[in-house]
Amino acid sequence: MSRIGRQPIKVPNSVKIVISEDGRNLVATGSLGELSVPISSHCNVTIDKDNTCLVTLSDEKFIDNPEYKAMWGLTRALINNAIIGVSEGFKKELEIRGIGYRAQMSGDDIIFSLGYSHQITFKKVDGVSFSVTDNTHVFVSGISKELVGEVSARIRKLRKPEPYKGKGVRYKDEVVRKKISKGTKAKK
């Protein structure tokens, strides 16, 4: 059995779940918005009286196949992310390190100064909101975990942390292993 797929999902009272008639789509609606999740054709989703969502395989013969077990766990994880997203939302924090490196809001867009000869304007993405604090911390938030992660990765890609001084854009808890420069090696 899939260790993740068999776990029940506790649905908060503030979230309403509707499964389509054909059983291939689930819509989660909460205080922050609405998300739709496709359901694998090999999985069934049921909702109990006590607001618990359970994902099961549609046939017992699929239980020994690793592909079907993976789809079972994936379907459960996507439903869980949708429920968390519409009730609490997701947020990622990025740090900007380096002398002269900064970010500032311009309407809904962010303008980055990252050591290039020009400034970079990052346009607003639908479904995601930005905020900048003290010019070095960028917050990306939204209801879709996938979209928040993708936008955060695109911002980080503007100037990845370099290995000698650690300058660039990084996730808040990211650890950048620094290399020793050739000049330091020669002095030892």
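Q: What makes the contact between D109 and K123 a salt bridge?
A: In this predicted model, the side chains of D109 and K123 come together with an N to O distance of 3.9 Å. The cut-off for a nitrogen of Lys or Arg and a carboxyl oxygen of Asp or Glu is 4 Å, so the pair qualifies as a salt bridge.

Q: Which parts of the chain does this pair, D109 and K123, link?
A: D109 belongs to strand β9 (residues 109-113), while K123 sits in the loop between β10 (120-122) and β11 (128-133). The two residues are 14 residues apart, and the pair links distant parts of the chain.

Q: What term describes the accessibility of R156, and what term describes that of E174?
A: R156 has 18% relative accessibility and counts as buried, because the limit is under 20%. E174 has 22%, which falls between 20% and 50%, so E174 is partly exposed.

Q: What makes the contact of R97 and E95 a salt bridge?
A: The N to O distance between the side chains of R97 and E95 is 3.1 Å. That distance is within 4 Å, and the contact is therefore a salt bridge. R97 is partly exposed at 40%, whereas E95 is buried at 12%.

Q: How many salt bridges does the rule give?
A: The count comes to three salt bridges.

Q: What makes F122 and F130 an aromatic pair, and which kind of pair is it?
A: The rule gives one aromatic pair. In this pair, F122 and F130 have ring centres 5.8 Å apart and planes at 80°. The centres lie within 6.5 Å and the angle is over 60 degrees, so the pair is edge-to-face. Both F122 and F130 are buried.

Q: Which residues touch the most other members of the largest nonpolar core?
A: V15, V45, I79 and I83 do so, in a core of 21 residues. The elements that each give two or more residues are β3 (25-29), β4 (34-38), β5 (43-47), β6 (52-57) and α1 (66-87). Helix α1 gives the most, with five residues. Apart from this core lies another, of 20 residues, among them F112, L114, V125 and V128.

Q: How do you know that the span of α1 is close to the expected one?
A: Helix α1 has 22 residues and reaches 32 Å from its first C-alpha to its last. The value expected at 1.5 Å a residue is also 32 Å. Buried residues of α1 include W72, R76, I79, I83 and V86. At the start of α1, a side-chain oxygen of N65 comes to within 3.0 Å of the backbone nitrogen of E67.

Q: Which residues are in contact with S87, leaving aside neighbours within four places in sequence?
A: S87, in helix α1, is in contact with P12, S14, V15, S31 and L32. A polar atom of the S87 side chain also lies 3.3 Å from the backbone oxygen of I84. The cut-off is 3.5 Å, so this is a polar contact.

Q: What is the phi of D134, and what is the phi of N135?
A: Phi is near 40° for D134 and near 60° for N135. Most residues other than glycine have a negative phi. D134 lies in the loop between β11 and β12 (137-142), and N135 lies in the loop between β11 and β12. D134 is exposed at 57%, whereas N135 is partly exposed at 36%.

Technical notes
Residues are numbered from 1 along each chain as its sequence is written. This is a predicted model: local features need pLDDT of at least 70, side-chain atom pairs count only at pLDDT 80 or more; totals for chains, interfaces and linings use all residues. Side-chain values use heavy atoms; hydrogens and water are left out. Buried means under 20% relative accessible area, exposed over 50%, partly exposed in between (1.4 Å probe, protein chains only). Helices (H or I, at least four residues) and strands (E, at least two) are DSSP runs, numbered from the N terminus. A nonpolar core is a set of buried Ala, Val, Leu, Ile, Met, Phe, Trp, Tyr and Cys residues joined through side-chain atoms within 4.5 Å. The expected span of a helix is 1.5 Å times one less than its number of residues. A polar contact is a pair of N or O atoms within 3.5 Å; within protein, one must be able to donate a hydrogen and the other to accept it, and residues adjacent in sequence count only if both atoms are side-chain atoms. Rings of Phe, Tyr and Trp (its six-membered ring) pair if their centres lie within 6.5 Å; planes under 30 degrees apart count as stacked, over 60 as edge-to-face and the rest as tilted. Contact means heavy atoms within 4.5 Å.
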